Each structure stands twice: as C-alpha cells, then as structure tokens.
Amino acid sequence: MNVLLLNGPNLNLLGEREPEIYGTTTLAQIEQMVQARARSLGASVRAFQSNHEGALIDELHQARFWAQGVIFNPGAFTHYSYALRDAIASTRLRVVEVHLSDLSKREPWRQQSVIAEVAAHRIMGKGAAGYVEALEWLLQHGAQ
Ligand code: DQA
C-alpha cells in the first residue's frame, strides 16, 4: 500500500513548538517512525508538510493517482478549511485525521473539525504514536 503522510501548518516546528502540548518529538522523527513501521509492514510512505493550504490541496490531488491512504494532520486548518475538506471529498482518498493533542479537552474552537465528516477514521491525543497507529489502521482496513 502507498500512503501519503501529510502535515499542515506549524507542524514543521514540532519539538520546539509548545512542547507541553505537542511533545518534544520533531516532525523528522515522526516521519522516520512512520517510514520504519511502513517498511516492516511492506508499505511505502511519502511524507510532505506545508504551511500553505493550496500546497496541501495540490498534494492531495496528486495523491489520488498513487496513494491508497492518507495520514493527515491538518493543524489549525482542521477547524475551518472547507477547501481541504472538499479536496478530500473530491479525491475520495481514505484519510485518517490525526492530532497530537486531544482536541476534545482543548478550547471550544478546536473541538470543531470540518475534516471529521470526510475522514475514514480519527486519532487524537496519542502524540507521535498516533501517526503510527494511523498507518496500522490504514493497512488493516485495506485499499479503497
Ligand atoms: C493539532 C491541533 C490543532 O488545533 C493545532 O492548530 C495544530 C496541531 C494537533 O496535532 O493536536 O496545529 O492538529
């Protein structure tokens, strides 16, 4: 299975960004963890991060030609990007929405996700391990 590991705005700063909320693991380390688990499970992962909504949309559009699943942390776009929501619906990609923090325990505006209704599965509050769990979920639930 080919999987896109997609991260949105400010996630390039993981490790130094609000470590009390997001932990001390860097994005490079998360990508390595997912790549290593993918290798052991016989999957192939392409990792991409952008702070720009359009770049994330372009990546999703491209992924429809090669990926059978997407692990996606949309960062703050989670809460208001109808354009990303539409990109997922338009491509019909199987997306696991991942958040390092548990949004249900945070500010009210973070508890709203416009991505949730087009996501096949959601994982939150498990830190970096949530990304690996997302990969395992995609492999267990097969190609679409
Ligand atoms: C986040 C939660 C979002 O509210 C926030 O804007 C992020 C990270 C998380 O992983 O917990 O950038 O998606």
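This short talk covers a pair of packed helices and the surroundings of the ligand.

What you see here is a predicted model. I will take the helices, then the ligand.

Two packed helices are described by the angle between their axes and the distance between the axes. Here the pair is helix 3, residues 53–63, and helix 4, residues 82–91. Their axes are 10 Å apart, and the angle is about 5°. Angles under 35 degrees count as roughly parallel, so helix 3 and helix 4 are roughly parallel to each other.

Which residues in helix 3 meet helix 4? They are Glu53, Leu56, Ile57, Leu60 and His61. On the helix 4 side, the residues are Ala83, Leu84, Ala87, Ile88 and Thr91. Sorted by class, this contact has seven nonpolar residues, two polar and one charged.

Now the ligand. The residues around the ligand include Arg17, Tyr22 and Arg110.

For His79, a polar side-chain atom lies 2.7 Å from a ligand oxygen. For Asn73, an N or O atom in the side chain is 2.8 Å from an oxygen atom of the ligand. Ala76 uses its backbone: a polar atom there is 3.1 Å from a ligand oxygen.

How much of the ligand's accessible area does the protein cover? On its own the ligand has 320 Å² of accessible area, and the protein covers 99% of that.

Technical notes:
Residues numbered from 1 in each chain as written. Predicted model: local features only at pLDDT ≥ 70, side-chain atom pairs only at ≥ 80, totals over all residues. Heavy atoms only, no water. Axes fitted to C-alpha atoms, helices over the stretch in contact; angles between N-to-C directions. Helix = DSSP H or I, 4+ residues; strand = E, 2+ residues; numbered from the N terminus. Parallel < 35°, antiparallel > 145°, perpendicular 65-115°, else oblique. Contact = heavy atoms within 4.5 Å. Nonpolar A, V, L, I, M, F, W, Y, C, P; charged D, E, K, R; others polar. Near = heavy atom within 4 Å. Polar contact = N/O pair within 3.5 Å; in protein donor to acceptor, adjacent residues only side chain to side chain. Areas by Shrake-Rupley, 256 points an atom, 1.4 Å probe, with all protein chains shown as cover.
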